[in-house]
Amino acid sequence: MKVAIFCENGWKRVMNGLFELMIALACVCVCAGFQSCRTEKEKVHVLLVTGGHDYDREGFDELLGSIPVTYEQVAHPDAYARLKAEAVAAYDAVLLYDMPAEIPAEAQADFVAMLEHGKGLVVLHHAFCSYDSWPEYTRIAGGRYHHFEWSKDGETYPPSRFTHDVTFDVEVADRNHPVTKGVSDFRITDETYAGTEILPTVHPLLSTAEPSSNSLLAWAHTYGHARVVTLTPGHDRHTWENPAFRTLLSQAILWVAE
């Protein structure tokens, strides 16, 4: 009788243990499907680089507060010191929301080295328009907004142009990419860029038929060992408060940080 009781109790303990394991695994699966399950400790830590272009700081902080990241903001010229190996190692990814015209030679070397070592980068909106005199930035960002007349392959082109407050439809070019996963086509009101240079080697993420804009709005590629995502939308609250845009920015940061 004692043996029977022992076996019965032992079997109950095994079954209870299996049940608890199944519950734990279910929770893991659920959290894997929702980024909000990340705890504060698990959030991606981002270096936000600003300067060279005005923006609504309060609104942008609200945007970043809505996605699973922690961040430290630093403006130019102080931002360049954070790109050095010992400083940038503290971050999981770098988010550019800056637009400086120039970059010192030492900072250029630190920037490239950071990417060669695999630090992920998101280039957001007017950060695509930075560094007119640094050709390597075209290869880093996957393209360039040209403030001046420019030439390529024997052809000369006029400066790029922008248009404020355009309401237009955005199409998801690749629905299976981690950056666009779960995002459907959507409409936004934003500043558009046209006449820009976009490298043919990038992977398209978002596109539009809006006449005042380049057809390609967002793309992914690699530079060195780093993942890079460029999102040209993102001028102000009209876009920042759009749920689709928030998802895209969140997933872009998470993807480059992997």
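The legends below describe close-up views of one predicted model. Residues are numbered from 1 along each chain as its sequence is written, and side-chain values use heavy atoms, with hydrogens and water left out. Because the model is predicted, local features need pLDDT of at least 70 and side-chain atom pairs count only at pLDDT 80 or more, whereas totals for chains, interfaces and linings use all residues.

View A. In the order β2-β1-β3-β4-β13-β12-β11-β8-β9, 9 strands form an open sheet with mixed pairing; strands (E, at least two residues) and helices (H or I, at least four) are DSSP runs numbered from the N terminus, and two strands pair if DSSP finds at least two bridges between them. β2 (69–75) and β9 (186–194) stand at the edges with a single partner strand each, so one side of each is left without a neighbour in the sheet. From one strand to the next the twist averages 30°, taken between axes that are lines fitted to C-alpha atoms (for helices over the stretch in contact), with angles running from 0 to 180 degrees between N-to-C directions. Strand β8 (residues 161–172) pairs with β9 in the antiparallel sense over 8 bridges, and Phe168 stands opposite Ile188 in β9.

**View B. Strand β12 and its two neighbours.** Strand β11 (residues 203–207) and β12 run antiparallel and are joined by 4 bridges, with Ala220 in β12 as the bridge partner of His203. On its other pairing, β12 is joined by 6 bridges to strand β13 (residues 226–231), again antiparallel, and Trp219 stands opposite Thr230 in β13. β12 and β13 form a hairpin with 2 residues between them, and Gly224 in the turn has a positive phi of about 65°. Of the 8 residues of β12, 7 are buried, where buried means under 20% relative accessible area, exposed over 50% and partly exposed in between (1.4 Å probe, protein chains only).

**View C. The largest cavity.** About 40 Å³ of space lies in the largest cavity; on a 1 Å grid over the protein atoms alone, a cavity is a set of points where a 1.4 Å probe fits but cannot get out, and lining residues have an atom within 4 Å of a point. Grid points are joined across faces, edges and corners, and a volume is the space filled by probe spheres set on the points. The residues lining the largest cavity include Phe128, Tyr193, Ile198, Asn214 and Trp219, and strand β12 (residues 216–223) gives the most to this lining, with 3 residues.

View D. Tyr97 in strand β3 (residues 93–98) and Trp240 in helix α6 (residues 237–240) are 143 residues apart, and their pair links distant parts of the chain.

View E. Tyr131 is buried with a relative accessible area of 1%, and Tyr137 is buried with a value of 0%.

Note on methods
1 Å grid on protein atoms, 1.4 Å probe; cavity = no way out; pocket = protein on both sides within 12 Å on 5 of 7 lines; lining within 4 Å.
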